[in-house]
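Biologist: I'd like to learn how to read a few local features of a model. Could you walk me through some?

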Amino acid sequence: MLYVVLFFLAFSLLLYILLAGADFGAGIIELFSSKQNRTVTKKTVYRVIGPVWEANHIWIIIVVVILWVGFPNFYNIIVVYLHIPLTLILLGITLRGVAFVFRHYDAYKDKTQLLYDWMFRVSSLVTPIFLGITFSGLISGDIIITDNLESTNFYEAYINPWLNVFSLSIGCFFTGICAFLASIMLIGEADTNERKVYVKKARIATITVITLGFIVLCIGYFEERVFISNFIKNPYSLTLIGFSALIIFPLLRSIKNQSRIKTRTLAGIQVVLILLAACVSLFPDLIITSNGSISILNTVATKEVIKTLGIALIIGGAIILPGLFHLLKSFKMIKLLER
């Protein structure tokens, strides 16, 4: 039952990155568009993600619940030593949600709409940066696990693990992935005349992700980060990244041809391969501290708790997943069956 729980943990995290990542990326695309294209993108974003944007965050809630119930010590390390970036993430999600609603449904259309527009765009950029920074904080090797708080100052304990060049580079890399996913999604949702704009943005986003990924590897290598060292030495991680690199060429071709289904499929596979490569080099030691690595398998709750959690996840998945599929199909976000 433990591996059932781990499967749901990984699956929920993957869905959050793919769905919420594209959600965040839509705001990023809007932020880095010209004034004329911003108006077009704004309308497209409402039509595409408006009906489903709240559903995207259910996956991060599931991730939090699984960690909290099934792996309490693991969860405790995250929320204690990385409470600052986590708080900023929650603040960003809240501000983004408020801006998304009020800039569209506000009864009065005045200058406050400009404030809501910029709140949505900036929070769409900042939030994924701190999501990436939080992940980097777990693998940076700078977290100091100690019961004697007097031996470390506040900066060393709660700021240094995530506020560094390596963490910022991973934050930017994840933000690039969000923009990449959004630009790919918008190709199939835009009108024929507008599609060329998103084709250009998808090409730029693809090149940006490749560049940022290379920068992350270089910074981690020269800073002698354990995660990067393990990543480079792991044959499975390198194989997965190799497959991801091979997909770039057919992906760029499908972007040029403005193929809706093929571009989304290849983009999704590419992101999955990148995530798998990172997980393969880490698992089960998902936290790297200054004291050594911490295995998630060593922080498991009792068998009774894991069994109950696993059953609840199976039942919940049987209810939620068909509902999600129906929601996406109802708003024509899934057209594979129609073809």
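Modeller: Gladly, and keep in mind that this is a predicted model. Let's begin with a loop residue: Ser33 sits between helix 1 (2-31) and helix 2 (35-49).

Biologist: Is Ser33 buried or exposed?

Modeller: Buried means under 20% relative accessible area. Ser33 has 7% relative accessibility, so Ser33 counts as buried.

Biologist: Which residues does Ser33 contact, apart from its neighbours within four places in sequence?

Modeller: Those partners are Arg38, Thr41 and Lys201. With Lys201 there is also a polar contact between side chains, at 3.3 Å.

Biologist: Let's turn to rings. How many aromatic pairs does the structure hold?

Modeller: There are 10 aromatic pairs in the structure. Take Phe7 and Phe11: their ring centres are 5.7 Å apart and their planes meet at 10°, so this pair is stacked. The cut-off behind that label is planes under 30 degrees apart.

Biologist: Where do Phe7 and Phe11 lie along helix 1?

Modeller: They are 4 residues apart in helix 1, which means about one helical turn separates them.

Biologist: One more ring, please. Which residue lies over the face of Trp118?

Modeller: That is Arg121, found 5.2 Å from the ring centre of Trp118. For a charge to sit over a ring, CZ of Arg must be within 6 Å of the ring centre and within 35 degrees of the ring normal.

Note on methods
Residues are numbered from 1 along each chain as its sequence is written. This is a predicted model: local features need pLDDT of at least 70, side-chain atom pairs count only at pLDDT 80 or more; totals for chains, interfaces and linings use all residues. Side-chain values use heavy atoms; hydrogens and water are left out. Helices (H or I, at least four residues) and strands (E, at least two) are DSSP runs, numbered from the N terminus. Buried means under 20% relative accessible area, exposed over 50%, partly exposed in between (1.4 Å probe, protein chains only). A polar contact is a pair of N or O atoms within 3.5 Å; within protein, one must be able to donate a hydrogen and the other to accept it, and residues adjacent in sequence count only if both atoms are side-chain atoms. Contact means heavy atoms within 4.5 Å. Rings of Phe, Tyr and Trp (its six-membered ring) pair if their centres lie within 6.5 Å; planes under 30 degrees apart count as stacked, over 60 as edge-to-face and the rest as tilted.
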